[in-house]
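The report below takes the ligand surroundings first, then the sheet, and ends with the confidence of the prediction.

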Amino acid sequence: MVAPPDNDVLRASALHFQHHDGSPALQGVSLGVREGEVLAVTGPRGSGKTSLLRCLAGLDRPQRGEVWFDGVAVHTLGTLARARLRRHRFGWIDPVPVLVPELTVWENAALPLMLRGTGRRRARRAALEWLERLDVDGRARSRPHELRHSERQRVCIARALTVVPSVLFADEPTAPLHRAESAQVLRTLTAAARSHGVTVVLACAGPRRAGLADRTVTLLDGRRVRTLHLPPVAGPAGPAEGAEPAGSAGTEGRPACSLSA
Ligand SMILES: Nc1ncnc2c1ncn2[C@@H]1O[C@H](COP(=O)(O)OP(=O)(O)OP(=O)(O)O)[C@@H](O)[C@H]1O
């Protein structure tokens, strides 16, 4: 199998994914992500953002379509190979902060580095640097239960950045934060990614939070659309009414979506 001839570090073509219970999540999504780019994936709830990120990150396997990362056909890899790829090349941030309760904050942030084989002292130094950038270094010796919810999320973000992944997948990373804090954390995240050449795929519900991205891709009912008019409920087969289908991955580079209800 030969990688598609383009410059994208990450590429998906015609992804189809449905959940075990048959719920359709992605229906032919194609996109490319350039190295070092911050790409926002927006769309209303249930539009397929999480499913897309999970397929791109190798957490889920699409039933049809392809995912390529840096010349590797991710969709053909087995479970262990995908886990290895994620451990060494990818970072992931969930909307809900999940930390290991028995470990301190810095140990949590250093964990992915140590799993990659970095020594404890070096991993600690790197973790503390990122905790400082996320403004939670004062909590380094605390346990997660002693932190506020929003502080725990900052620790999760620091943990994802500590390894300086090739691609960081951030699924609504500022969902637990209030607006001012959310804007500041997103700025920190995107600035850190840019300064370290990390490619970011960022799922966010609306265009407001996508403002810091280089480019925006919009989903509706598991499909890419150019412009989003929240439609009357779509039928199961055809494209949603009001959604203008986006072209293939080759039509990227347009301005961010407009969102009108
Ligand atoms: N674990 C699951 N089992 C079955 N169906 C699911 C599951 N997770 C999501 N779905 C369905 O898959 C579709 C896409 O969901 P997905 O979570 O990818 O969308 P989303 O845009 O990330 O939404 P949200 O903003 O609510 O997280 C929706 O119809 C959703 O109901």
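Which element provides the largest share of the shell around the ligand?

## Ligand surroundings

Helix 1 does, with three residues; helices here are DSSP runs of H or I with at least four residues, strands are runs of E with at least two, and both are numbered from the N terminus. The model is a predicted one, in which local features need a pLDDT of at least 70 and side-chain atom pairs count only at pLDDT 80 or more, while totals for chains, interfaces and linings use all residues. Residue numbers start from 1 along each chain as its sequence is written.

There are 13 residues around the ligand, and H19, S23, K49, T50 and S51 come nearest, a residue being near when its C-beta atom, placed from the backbone, lies within 6 Å of the molecule. By class the shell holds eight polar, three charged and two nonpolar residues; Ala, Val, Leu, Ile, Met, Phe, Trp, Tyr, Cys and Pro count as nonpolar, Asp, Glu, Lys and Arg as charged, and the others, Gly among them, as polar.

Four strands form an open sheet in the order 2-1-4-5, with antiparallel pairing, where two strands pair if DSSP finds at least two bridges between them. Its edges are strand 2 (24-34) and strand 5 (72-73), each of which pairs on one side only.

## Confidence

The predictor gives the complex an ipTM of 0.92 and a pTM of 0.84. The chain averages a pLDDT of 85, and 83% of the residues score at least 70, on a scale of per-residue confidence from 0 to 100.

Over residues 237-242 the pLDDT stays under 50, and the model has eleven contacts for them beyond four places in sequence, a contact requiring C-beta atoms, placed from the backbone, within 7 Å. Residues 247-261 are also below 50 in pLDDT, with 27 contacts in the model beyond near neighbours in sequence.

Key. pLDDT = per-residue confidence, 0-100. Contact = placed C-beta atoms within 7 Å.
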